[in-house]
Amino acid sequence: MSSLIVGMNALVSGKIKRASANRGNAQADFAAASAMELGKAVILGNITLSMLDETRIRFDGTPMTCGLSRDFVSVLSITDVAGLVDLRFASDQLLSTLVRGATKASVSNSRLADIRQNAGSGAFLTARDVFLASGFGEEDAGNAASYSTVHGSSFRLARDVTPPFLISVLDGNGIGSVSYFGASPSNRTFRISVVTDLRDRTQVLSEALLILETTGAGEFTKVYEIRTYRQRSTFLPAAETIATEDLPETWCTR
């Protein structure tokens with residue numbers, strides 16, 4: 001009888017834990033999906049504005065903090081890939097400047113060749129995967145991938161949507177010239193990166209690449225979406241804010 005009671009307790013406890021985990025995962029998925037939908041709405045709303053409108057957002061990866069619920073807060077970064085270095089087409093000078101500026105890794109001709117070969121192989125969806133396959137560590141791959149893509153139309157960069165850090169690196173190395181920076185700000189392909197903190201200390205990292213179709217009413221084609229979960233030891237500063245301030249249910253700030 002004792003064994004039966006212990007077994008039943010273990011079974012019930014296990015079911016409760018699984019149910020709790022499932023609820024937590026569902027909330028994390030909802031939080032991540034909500035942030036992605038907000039990113040799409042921001043893109044569409046921005047496109048309807050005049051280029052001279054002061055409320056227009058420059059999609060250069062500048063973080064935007066949003067609370068879409070009292071249970072989580074998200075930090076979105078929207079980047080127009082026209083302002084990123086396309087690893088498939090970049091010159092050696094441009095590519096080596098990117099690597100030196102964004103990583104601690106050494107740059108050799110063989111490593112540049114590996115990056116370009118991996119980028120052009122079609123085997124990798126993201127710039128981060130290209131750098132990992134080319135021998136970079138996790139941190140360096142992530143840093144370099146923040147300023148690069150494998151989904152652009154050419155190596156051209158558009159200055160008004162290029163991340164400020166990348167512009168400073170290029171200008172500092174004497175290659176921030178008109179030959180690299182075009183006038184057109186967009187090729188209608190956007191990368192949305194989101195870090196979402198939930199009150200239960202779950203953190204969701206999401207990244208999606210979206211193409212805004214030229215036909216239809218604001219329809220996007222998703223090239224890829226990556227979502228990972230982890231338990232964090234500290235809150236994002238924004239998460240601490242919503243815990244202490246009387247803010248509305250939905251809010252955003254840059």
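How many salt bridges does a search of the whole structure find? The search finds nine, a salt bridge being a side-chain nitrogen of Lys or Arg within 4 Å of a carboxyl oxygen of Asp or Glu. The model is predicted, so local features need pLDDT of at least 70, side-chain atom pairs count only at pLDDT 80 or more, and totals for chains, interfaces and linings use all residues. Residues are numbered from 1 along each chain as its sequence is written, and side-chain values use heavy atoms, with hydrogens and water left out.

**View 1. The whole chain.** The chain holds seven helices and 10 strands. Both are DSSP runs numbered from the N terminus: helices are H or I with at least four residues, strands are E with at least two. Of the 254 residues, 41% count as buried. Buried means under 20% relative accessible area, exposed over 50%, and partly exposed in between (1.4 Å probe, protein chains only). Among contacts with a separation of 6 or more, 65% come from residues 24 or more positions apart; contact means heavy atoms within 4.5 Å.

**View 2. The buried side of helix α6.** Helix α6 spans residues 164-172, and L166, I167, V169 and L170 in this helix are buried. These residues cover an arc of only 165 degrees around the axis, which puts them on the same side of α6. The arc is taken from the directions from the helix axis to the C-beta atoms. Their cover includes β3 (85-86), α2 (92-102), β5 (157-158) and β6 (181-182). G174 follows α6 and has a positive phi, near 75 degrees.

View 3. D92 pairs with R116, with the closest N and O atoms 3.2 Å apart. D92 lies in helix α2 and R116 in helix α3 (residues 109-120), so the pair ties together parts that are 24 residues apart in sequence. D92 is partly exposed at 42%, and R116 is partly exposed at 23%. R159 forms a salt bridge with D171, at 3.7 Å between the closest N and O atoms. R159 sits in the loop between β5 and α6, and D171 in helix α6.

**View 4. A salt-bridge network.** R227 and E225 meet in a salt bridge of 2.8 Å, N to O. Bridges that share partners join D29, K222, E225 and R227 into one network.

View 5. D140 is found in helix α5 (residues 138-145). D140 is buried yet has no salt bridge. The nearest side chain of opposite charge is K104, 6.3 Å away. For charge, Lys and Arg count as positive and Asp and Glu as negative; His and the chain ends are not counted. Leaving aside neighbours within four places in sequence, D140 is in contact with T103, K104 and A105.

**View 6. Aromatic pairs.** The whole structure has four aromatic pairs. Rings of Phe, Tyr and Trp (its six-membered ring) pair if their centres lie within 6.5 Å; planes under 30 degrees apart count as stacked, over 60 as edge-to-face and the rest as tilted. F30 and F72 are edge-to-face, 6.0 Å centre to centre with 85 degrees between the planes. F30 lies in helix α1 (residues 2-47) and F72 in strand β2 (residues 72-80), so the pair ties together parts that are 42 residues apart in sequence. F30 is exposed at 51%, whereas F72 is buried at 2%.
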